[in-house]
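Colleague: I would like to learn how to read the features of a protein model. Where do we start?

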Amino acid sequence: MAAKAHAQWHGDLDSGTGSMKTDTGLSGDFSAASRFGDGEGTNPEELIAAAHAGCFSMALSNELHKAGFESRSVTTDAKVSMSMDGGPHISKIALSTTIDADGDHDAIEEVAQAAKEGCPISKALASVPEITLDVSYA
């Protein structure tokens, strides 16, 4: 299986505009203002956040099931932070997840940490200096 997306950029970095679209129809316009400031539109980091939140939620649900916990839901927010020090780069990803499951919270949190490490998107983002996880319960 291979996921596909398309992006196009017009003009220079400061005044140019671009668009991104996946084969399944997710799409958005982006610009330097939406990426490095508070301008309207999306940006690549927002898509990384969405991918990481989705992947982690699925991975955690699977790991909870394999560990014998009945998980009713896993809801995850991801915040991708950029730094301009030494050139633009992703400096931190903060995952915040709410788990609706019965069981010992310490054991569930161990499973959550393992899911964070094993999630394919976490693995792809291994060069990010800091990926944190905050766990709460519904």
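Modeller: Start with exposure: a residue is buried under 20% relative accessible area, exposed over 50%, and partly exposed in between (1.4 Å probe, protein chains only). Glu 63, with a relative accessible area of 27%, is therefore partly exposed. This is a predicted model, in which local features need pLDDT of at least 70, side-chain atom pairs count only at pLDDT 80 or more, and totals for chains, interfaces and linings use all residues. Residues are numbered from 1 along each chain as its sequence is written, and side-chain values use heavy atoms, with hydrogens and water left out.

Colleague: Which residue meets Glu 63 in a salt bridge?

Modeller: A salt bridge is a side-chain nitrogen of Lys or Arg within 4 Å of a carboxyl oxygen of Asp or Glu. The side chain of Glu 63 meets that of Lys 66, at 3.1 Å from N to O. Both residues lie in helix H2 (residues 44–66), 3 residues apart, about one turn of the helix. Helices (H or I, at least four residues) and strands (E, at least two) are DSSP runs, numbered from the N terminus. Lys 66 is exposed, because its relative accessible area is 58%.

Colleague: How many salt bridges are there in the whole structure?

Modeller: A search finds 6. One of them joins Arg 72 and Asp 100, whose closest N and O atoms are 3.1 Å apart. Arg 72 lies in strand E4 and Asp 100 in strand E5 (residues 89–101), so the pair ties together parts that are 28 residues apart in sequence. Salt bridges that share partners join Arg 72, Asp 100 and Asp 102 into one network. Arg 72 is partly exposed at 44% relative accessible area, and Asp 100 is partly exposed at 21%.

Colleague: Is Thr 76 buried or exposed?

Modeller: Thr 76 is buried, because its relative accessible area is 11%. This residue sits in strand E4 (residues 71–83). For its contacts, the rule is that a polar contact is a pair of N or O atoms within 3.5 Å; within protein, one must be able to donate a hydrogen and the other to accept it, and residues adjacent in sequence count only if both atoms are side-chain atoms. The side chain of Thr 76 makes such contacts with the side chains of Ser 57, at 2.8 Å, and Thr 97, at 2.9 Å.
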